[in-house]
Amino acid sequence: DKKKRSEIEPFPTMSMTMQIEYPNKPKNNMTMEYYFKNYECASIFKNEDKNNSMDKTIMNFKEGKSTILMTDKKGKKTGMQMELKNFDWAIKNSLEKNNKMLEDGDITIKPTDEYKTIEGYKCRKYLYEDLNNTADMWICNSIGLDYLKYNKAVFSVFGANKSEHNNAYYKAGINGVVIQNHMMPKGGRGNETILTMKNIRANYAPDEMFSTAGYEITKIPSMRDLWNSAKEED
């Protein structure tokens, strides 16, 4: 894990909002705000129909740390810091699984000649299909910032191969940013989902988004730390 993190590429300074819609269950709709700078990502979860005490999550990919900040009903501000691999393993496994399925032909992604403007971005439509879902993916390679640097950073954080060009998604022709992904389950299984990227802003990620000032932070020991402590006690 330490060697992998030493090879991580920095993110361009930027921010974006991901809107997640469930057409059949609109009460579950939510948004996620993301702010990137160097080796950090701060995210804010918003769901208007539910009480949410979580203020934000700050992930430092270089240090391998994740900090969750919360404010309770009495206004007390607390936080928990733990190893990032407690969270990012699921994303890594999902990407590696999808990459292998693409290479094995269990997932197909085909470009079309259909274009549409979404949230002000001119996008090209790609057709996605796997065993359980079909999807319309709308890709844009002109979003007002260095998307190649962004994609390279994402791949260095979550990818398994050393080169982003070995990514099956890249080989399938997806070399831009997915502005919208409309996923439709086959056979009525699962929920129809629409993910839309909005408000992509270059050079915008306020320092306060990455600050833990005013929060009482508790560091959660890793399994390795617990093991080492146990050995020292013996």
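## Overall makeup

What share of the 234 residues in the chain is buried? Buried residues make up 38%, where buried means under 20% relative accessible area with a 1.4 Å probe, protein chains only. This is a predicted model, in which local features need pLDDT of at least 70, side-chain atom pairs count only at pLDDT 80 or more, and totals for chains, interfaces and linings use all residues. Residues are numbered from 1 along each chain as its sequence is written, and side-chain values use heavy atoms, with hydrogens and water left out.

The chain has five helices and 12 strands. These are DSSP runs numbered from the N terminus: helices are H or I with at least four residues, strands E with at least two. The accessible surface comes to about 14100 Å², by the Shrake-Rupley method with a 1.4 Å probe. Carbon and sulfur atoms account for 48% of that surface. Contact means heavy atoms within 4.5 Å. Of the contacts between residues at least 6 apart in sequence, 54% join residues at least 24 apart.

## Nonpolar cores

A nonpolar core is a set of buried Ala, Val, Leu, Ile, Met, Phe, Trp, Tyr and Cys residues joined through side-chain atoms within 4.5 Å. The largest has 29 residues. Phe61, Ile143, Ile179 and Ile200 have the most contacts inside it. Elements that each supply at least two residues of this core include β1 (11-21), β2 (30-38), α3 (147-158) and β11 (193-202). Apart from this core lies another, of 10 residues, among them Ile107, Tyr126, Ala135 and Ile139.

Ile143 touches Tyr121, Val177, Ile179 and Ile200, leaving aside neighbours within four places in sequence.

## Helix α3

The 12 residues of α3 should span 16 Å at 1.5 Å a residue; the expected span is 1.5 Å times one less than the number of residues. The end C-alpha atoms of α3 are 16 Å apart, which agrees. Its buried residues are Tyr147, Tyr150, Ala153, Phe155, Ser156, Val157 and Phe158.

## Cysteines

The structure holds zero disulfides, a disulfide being a pair of cysteine sulfur atoms within 2.5 Å. Cys140 is in none; the nearest cysteine sulfur, that of Cys123, is 5.0 Å away. Cys140 is buried, with a relative accessible area of 2%. Cys41 is buried, with a relative accessible area of 2%.

## Confidence

pLDDT is the predictor's confidence in each residue, from 0 to 100. The chain averages 82, and 80% of the residues score at least 70. Over residues 226-231 the pLDDT is below 50. Beyond near neighbours in sequence, that stretch has one contact in the model.

Definitions and conventions:
Buried < 20%, exposed > 50% of the residue type's maximum accessible area, 1.4 Å probe, protein only.
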